[in-house]
Each structure stands twice: as C-alpha cells, then as structure tokens.
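Please keep the structure in view while reading.

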Amino acid sequence: MDKMMVKNLDLYYGDFQALDDVNLAIPENQITAFIGPSGCGKSTMIKTLNRMNDLIEGCKIEGEVLLDGKSIQELDVNTLRKRVGMVFQKPNPFPMSVYDNIAYGPRTHGVRSKAKLDDIVEKSLMDAAIWDELKDRLKKSALGLSGGQQQRICIARALAIQPEVLLMDEPTSALDPISTAKIEELVSTLKKEYTIVIVTHNMQQAVRISDQTAFFLHGQIVEHGTTAQFFSIPQDKRTEDYITGRFG
Amino acid sequence: MGARLKFSIETARRYPLSFVLKVLVVGSALLTLGALFFLLAYIIVNGVPHLKPSLFAWKYNTKNVSLVPALLNTLIIVGIPLIVTVPLGVFSAIYLCEYAKKGSKVVEVVRITAETLSGIPSIVYGLFGLLFFVIYLRWGYSILAGSMTLSIMILPLIMRTAEEALLSIPTSLREASFALGAGKLRTVFRIVLPAAIPGILSGVILGIGRIVGETAALIYTAGTVPRIPGSVFSSGRTLAIHLYTLSSEGFHTNEAFATAVVLLIIVLLINALSAGLARRLGGGN
C-alpha cells in the first residue's frame, strides 16, 4: 500500500531545475531512504512532500504529489503539515521548556486541556525514547540539553501531532555516533506506526535502517527499489559506482 | 608574583611586539574606565553633600529648587513615548522582517528613512515639534508636545533594534513551527517574537537613555515650567532640562550636582530593571 506517490515532478528554483521528472512511491509503514551526493536534490524532494518549498521565493513545481491518493496541493497546507511531520538536519528546539516544545504542536491544533496535553507530552517523549532521561526536567529549557537529546526532543515534537508520515532530513548528520545509534534504533521502532522518509548522506545508515532506497543524481532518480536489492544487485552503473565509493 | 613578573619580562623580551600590544590594550581599557569613574566620582563628590531634604520638597520654589516636579515629568515623558513607539516600532519591524517581500522597495525606503532620521540632531526634532505640535496643533508648550516629539525621535531607534532582533532569530525556528502546521501569525507571535524580546528590550533601554538625556528637543516643545503637571497639556521640565536651567542660571550649581546624582541613580535603576526583565523573559524557562 503506497502512502504517498510522486508523479512526474519537476521543480525549479528560478531558472535552475532542481528536480527532473521524479516518479516515486512511498509505501506505508516502511522506511524509505533518499541517498545521493550533495546537491543531488534529495533534500529538495523531501521538502516537497510537506510543501516546505512553498516558503522559498522563486520555487516552481510541476507534476503531482499524492497523499492517500489525493493531491497535496488541494489540501490546506497546515492540515498537510499536521499529517506529514518533519524533523530537520540540525536540532531546532524552540527556546522554551521541554514541555512547551512538545505541547506547541497540539496547542496549535486546538488541544487546550492540561490533562490531555500532559498525556501527549508523556507519550511523545516515550515514543522518542527520551522520557526516562527528561521526565524530571520537563520545565527546564530545551536549549540546555545535548545535541542528541535536542534532536530526540524534535522527533517527540513532530510525533506529538500524530502525523501519518514522518520526514527526516539527515536527522543524524549533526550528531555523535552514540546519539546516531539511538536515533537509528528509534526510527526502526517508529515504522510500526508511521511511514518514514529519511534523507541520509550515509549509505551504511540507509542499509541499516531502510526498507526502500532511492538514489538521486542531478535532480533525477537513477534507481530505486528495496534496500536489500538496491545494495546487492544495483541495476544501474552509476548506482554501482556510487555505492562502491567511486564518486560522491 | 615575583616569578610571574620575571616570566612576563622574559616573554616581553622575546615577543616585543605582543608586549607593546598588550600594554596598549590594557592601557586603553584603563583609560576608558578611568574617564568613566572620574566622571562618576566627580559628580558624586560634588553632588552628595548637597542632597538636602528641601531638594525633594513637593513644590518647587526658587529657594529650595526642588527636583520632584522635574522627576515626575521625566517619568511621564519617558512613559508616553514608550507607550506610543514600542508597539508601533515592533509591529513595523515585524512587517519588515516577516511579511514584506525580501528585497522589496518599501523595505529599502523605510530602512533608509529610519537610518536618516536617527542621524538628525535632536534640536531639529525640537524645531519640528515647536512648529507642528506647539504652534500648528495649538498644544502649546506641553508634556504631550514634548512626548510626541520624542516619540518621533526614538521611533527609528526602536524599530531598527527590533528589526535586528527579529532578523537574528534563526530561520530554522520558523521552519520548525511551519512544519508543525502552525500558520504565519502563530509562528511570528509565539515563536519569533518571544525569542526576540531581549534584543527588543535593549532597543527600549537605548530609547529610554536618549529620552532621559534629551534637552534640545524638549526646550522648544515641553517648555521649562518647574511645576507638578496638571494634565498632559501642562508645560513641564524634565530632570535634564532642570539641570540645564539650574547650571545656566548660575545660582544653584551645587543643587545642579545633587540633581545629577539623582539622575544617575535613576538611569542605573532603569538599566538594572530592564536587564533583569530581559533575563527573565529571554531565559526560556
């Protein structure tokens, strides 16, 4: 079952074409990894899925992205972003307490009751595997935490609005190996409930956690398929060159 | 101590240039601090002995030269411009940073205007206030005319510092908010503005400083009457003008110094208060 579909997508920043005729299916409750060298369009692609590119002036999009068979252009953008959550490359917690960070999303979508917010905060922090570390520090500023903890706060914050799809744009690239391992483990458990799309620079990471892999080069998808097949029997010469480290 | 001194003489011999630089840097710091402390000490030494209860009498007369009316006027003339300019300046800044198109002509024009306005000598504002508020609007020499003149004077300052404060908030915070499905309004008022408050407050402190120290723009607009004001249409002198008149009349130089001590204390109090406020609002917890 495909949660999201990308059909004949072209994307331009001014005159520069950043994505060229991308076609892609993102299956439900699986982890889809986007890999490729810097500037290949993988981050641009993931930002298209929740329309974050709308914020960039001079960005023009042709083609279609479907969520449960409906075009995301027809959805209200805030509703879309509630259903398709996002975690960014650098941890970006708000300069407020841990509790308020997590509660910001639900409050945005109209949850007012204190008891309900308490429940959501607890459940989100548990899902992000950070409840035990932080349950006594909920009122402390999120900025005082380590990078790895901040990133898990950001994951918890994204989970707090109960999205259907979770987009992760290189979520571990700013973190140390131990924090990275924790987040990878967490992502693997999250796929039971969520459909996950992850951009990564790190091919080993894609091998370790993803079910599907798509390889981007110069704005095009060179190859995509199940991760096992992708890395063991690549179909395209360029894929083989990339995954064996000949370029990139 | 002896060992350290020997060591630094040795290093000085080996790296003469860095020794010279160090002397220059430390010397400049001492000179700057020295000038400040000399000024403070001079005012305190000359002023404190003349701080008499009669200076704080409720009513001013030429004998007691009470500073209480001037003190009250100062507080009012600080208050009104802040009430006028802080919302106006902050909202303009929000428009310029968050809503106006990047690189649009309007933003450029507003920015250049604000910068030009902050470079104009205050006496020019005074003259404008005299012609417009005092004469054309027939407000007369009044606290209101003075306050409005000062409002125009500090508006660019408040706006520019608020704009800088908003610009310094990383885009990643805005993105995080949008990605959670929050709209523009909520993002600006719940995330960006609270994070920018310490920066905005530092602009407010600068504004207060300019008002408290202002004389030229007020002589022509608020006048120099040393009475407790009956309404905003009464004329009234601020502490700075009070100081100016006392010392220029030449009969009450000692009292002028005592008044200066009071003004100093008020400025220090305002700064401490604002710094404390900035720490509380900007701490994030």
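## The interface between the chains

Between them, chain B and chain A bury about 1800 Å², and carbon and sulfur atoms account for 64% of this area. On the chain B side, the residues that lose the most area to chain A are B:Ala179, B:Leu180 and B:Arg186, which together make up 34% of what that side buries. The model discussed here is predicted.

The contact involves 25 residues from chain A and 21 residues from chain B. Five residue pairs are in polar contact between chain B and chain A, both residues being at pLDDT 80 or more. Zero salt bridges are found across this interface.

## The side contributed by chain B

Two helices of chain B, α7 (171-179) and α8 (184-212), each supply at least two residues of the side that touches chain A. The element that gives the most to this side is α7(B), with seven residues.

Sorted by class, the side of chain B that touches chain A holds eight nonpolar, eight polar and five charged residues.

## A nonpolar patch on the surface of chain B

Chain B also carries a nonpolar surface patch, formed by B:Phe91, B:Tyr95, B:Tyr99, B:Val106, B:Leu185 and B:Phe189. Together these residues have about 610 Å² of accessible area.

Which elements give two or more residues to the nonpolar patch? They are α3 (68-99) and α8 of chain B. The most comes from α3(B), with three residues. B:Val106, another member of the patch, is located in helix α4 of chain B, which covers residues 105-118.

Methods. Residues numbered from 1 in each chain as written. Chains lettered and ligands numbered in written order. Predicted model: local features only at pLDDT ≥ 70, side-chain atom pairs only at ≥ 80, totals over all residues. Heavy atoms only, no water. Contact = heavy atoms within 4.5 Å. Buried area = accessible area lost by both parts, 1.4 Å probe. Salt bridge = Lys/Arg side-chain N within 4 Å of Asp/Glu carboxyl O. Polar contact = N/O pair within 3.5 Å; in protein donor to acceptor, adjacent residues only side chain to side chain. Helix = DSSP H or I, 4+ residues; strand = E, 2+ residues; numbered from the N terminus. Nonpolar A, V, L, I, M, F, W, Y, C, P; charged D, E, K, R; others polar. Patch = residues over 30% accessible without salt bridge, like charges linked within 9 Å, V, L, I, M, F, W, Y side chains within 5 Å. Areas by Shrake-Rupley, 256 points an atom, 1.4 Å probe, with all protein chains shown as cover.
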